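Subject: Structure for you to look at

Hi,

Here is the structure I promised to pass on. Please open it and keep it in view while you read my notes below.

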Amino acid sequence: MTDTLTGNLTWDSIMIVKAIKDPNFNTIITANAAAMIPVGTVLIFAILTWTKYWKKLFSEWITTTDHKKLGIMYVIFAMIMLFRGVVEGTLMRINQAGALDGGMLSSDHFNQLFTTHGTTMIFFVAMPLIIGLMNFVVPLQIGARDVAYPVLNQISFWLTAAGGSLITISLLIGEFSTGGWSNYPPYTGKVINPGVGPDYWLLAVGLSGIGSTLTGVNFSLTIYKLRAKGMRFMRMPLFVWTSLCTSILLIFAMPPLTASIIMLGLDRYLGFHFFTNDLGGNMMSYANLFWMFGHPEVYILILPAFGVMSEISATYAAKSLYGYKSIVAATMCIAVLSFTVWLHHFFTMGQSATINAAFGIATLLIAIPTGVKIYDWLATLFRGRIRFTTPIIYLSGFFILFTIGGLSGIVLANPTIDFQVHNSLFLVAHFHNVIIPGTLFGMLAGIHYWFPKSFGFRLLESYGRVTAMLWIIGFCLTFFPLYPLGLMGMTRRTVDYMDPAYQPYMFVAGAGALCLSAAFVGLLLTIWRSIVHRKELAVPLGDPWDGRTLEWWTPSPAPEWNYAVLPEVDAIDAFTLAKERGTAYAPVDKYTDITLPPSRYYGFIVGLLAATMGFAIVWYIWWLAIASLTGIVITVIVYGYLPQCGHVIPASELAEADESWRRRARAERGISRDEETAVSNQGLACPDLIPTP
Amino acid sequence: MTTTKSNYPGLNLGAAHGDDHEAAETAIFGFWIFLMSDIVTFGMFFAVYVTSALNTAGGPGPKDLFSLTSVAWQTGFLLVSSVTSGLAVLNLKHEHSQSQSPRKWLVFWLLVSVLLGIGFLQQEVRDFIDIAHKGGVPSRSAWLSAFWSLVGMHGLHVSVGSLWCLVIVMGVLAQGVIQRWKHAIMSWAVFWHFLDLVWIGIFTIVFLRGLV
């Protein structure tokens, strides 16, 4: 019976109460994890009060419209969610290691684990990581002061955070979906699955999906309209190119997801018949819609990683990127082709052989532009003066492992083979093999590379290298055993198995999962130890790696205004050219006042109301849902009326900051590449002049 | 007549508007990009509608439920409203390059457009109620689910557009024809035309195709 005031919410919905009433292994594990939410919240509140950080938190972070701070918040958010994703993954692998004839987890708990693991990793780790990096880097790389719509950007972030908070709350109150990250009906329909799980999935993914759509609009507009003077399309850094393609994919690929979520929601809440088994419903429509989003999504995740790889291979080889035009063309090809292959996610679901063949061939075609890129990066490194830094370790791991993952994808693209291995661990091995070495390694390399630009100091190389090796080894141990397991016939998403031949492989995968957990701890240690040693690692002059693109042409951490005077560009590697000419740090004649977007509460309010609305809809608390929605509409209208004056930085203040930076850069000696990781690296590079062929 | 560079698709404010014209380049272009996303959403609803067009599951079909008279009225309201919104934008372009011009015609055309939009909505809601009375509720069959959600989505967009227009009218009356309301009118007008375009799709694919 639905209560008017509290909807379907009762005391028994709270996981901890459930565990006390029915204590067993599964409920206690979940209750412990759930207890981390209130305990963590209280702890954070206590720390904030203790350090008197509340005011600063609001004035400098929550209300910020600065693309750099939003980017940092996206990455921190992704790291928190990554913690959950890694713990869940490890728990599943450890369960599997001992799951011969039944493991420690119940099947329902295991189903929730793989669903939350997948949903979290895709929507709340990978997406925020790429969007966070795009936020931080793109405006700097195109020589702009911010994105085109700073407040919209803020709203996008808080909508993503709202989605993330819903999936987190589902741990404490109620349950999450058991339908896998793709949430297929009719299994997730009301008839088979009347609980709140699928509703949580719909609202969490739906809200963050709207945020991502708006991000796509914002960033493509920013890249089209706000580039520095002289930065023609074919002079844009590769990361900007890949971000542009990703933004375009977001614009076109998120709507199918939104549509499928609306339809499944109507099915569940209002008894519509889009995907039901009866009255003409057809779940194939869901499969088509979901994968029309789902496949471009794969490229949304991988393209920015390709951009990072392009940047770091050029920088750390001290050469200009080999085959710039071919990489740009390949990126665009991938973006277009990504919309032509969605059906390969369900070859076995009843199409004719002809259709399967057409989509199989389209899928194989994508290997060509991807191969072009890999060769271009190899050629960039060839005869370069490579420094074997942490990002290059990630790049090396990426080269080998991503290529293997791509090749197993080519195997799967053949429908006849897919019929044999579909729904097996072979598939699980394949997509982890592209997403971890591709997206995750790319993002981690990017974080290492741009960290000094965000915080003003480098990350420790010693810790960074060990962590990178742990990720690589952990990945190999965890996922390579899944290939033979898949070929032996072990299906995915099974909580236990009866064939003892599986177990040795499962032991290796379990050990690998522990190694990956260690890698995550290593990542946190790297950041923590670097913060401790931040004085020795500081690079205030802004160019620690002998960078080639605009973002290195400003102090580190990047000032609020990015550039005191907007740069002008006449080549691809504009900054390298300026350094070669010796004009990089020349005095500037004239500074003018700058207007920056001021701090605003809109994004936070919209996000908070959206999260409340989502929670209310999940629990059928209709008064609260309507009130929150009305609140969102009112907030948007108020935003339309209130003055939009910016926050002005006077020319004198700019001149003072900028001149002292330029003076110091002219006075200092600079360091060669051999001293890059030494204390003497203050962020002024003596360029290694390798003649461009 | 002077030729000025066109900064974004559609009617431009023109160089006489100075800064407002320059700034419109980013603002209106961004709105066009958003519409590209929105039209894909509609496209998905159309696709699902077409694939479930025959799945009436023994329930009522188009011939039992649709009234072409009412649909003709709705189409008329929406198309005329598009013309009046165009008149509002022309008035904005030619009369409001200086901030002191009288606002009455601009407000008049905007209000006429929104009234026609509300007329459309009134007819549509009456249709929906009528269809429900004839047993055509969305939970009856997959086809009815698709019909209600596709046409309802469009109706929801028209409602949002009407609300947006009223907000603009209030803004213009309270704050004058300043940059943000100029951009809002331009974006809203593009949105309003876009909804016409979608309606033509609905008229053809849902109503005409359903009744032949």
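Going from the N terminus, the elements of chain B follow the order α-α-α-α-α-α. That makes six helices and zero strands. Keep in mind that this is a predicted model.

The C-alpha trace of chain B spans about 60 × 30 × 30 Å along its principal axes. Chain B has 212 residues, and 39% of them are buried. I also looked at its contacts between residues at least 6 apart in sequence. Of these, 80% join residues at least 24 apart.

Next, the meeting of the two chains. Here 31 residues of chain A are in contact with 29 residues of chain B. Four helices of chain A each supply at least two residues to the side that touches chain B: α7 (197–225), α8 (238–270), α9 (283–317) and α21 (622–641). Which helix gives the most? It is α8(A), with 10 residues. By type, that side of chain A divides into 19 nonpolar residues, 11 polar and one charged.

Now take a look at α9(A). This helix has 35 residues. From first C-alpha to last it reaches 51 Å, close to the 51 Å expected at 1.5 Å a residue. There is still a bend of about 25°, at Trp291(A). Why is α9(A) described as largely enclosed by the rest of the structure? Because 32 of its 35 residues are buried.

Best wishes

Key. Residues are numbered from 1 along each chain as its sequence is written. Chains are lettered from A and ligands numbered from 1 in the order in which they are written. This is a predicted model: local features need pLDDT of at least 70, side-chain atom pairs count only at pLDDT 80 or more; totals for chains, interfaces and linings use all residues. A residue is buried if 20 or more other C-beta atoms lie within 10 Å of its own, exposed if 12 or fewer, and partly exposed in between; C-beta atoms are placed from the backbone. Two residues are in contact if their C-beta atoms, placed from the backbone, lie within 7 Å. Ala, Val, Leu, Ile, Met, Phe, Trp, Tyr, Cys and Pro count as nonpolar, Asp, Glu, Lys and Arg as charged, and the others, Gly among them, as polar. The expected span of a helix is 1.5 Å times one less than its number of residues. The bend at a residue is the angle between axes fitted to the seven residues ending there and the seven starting there.
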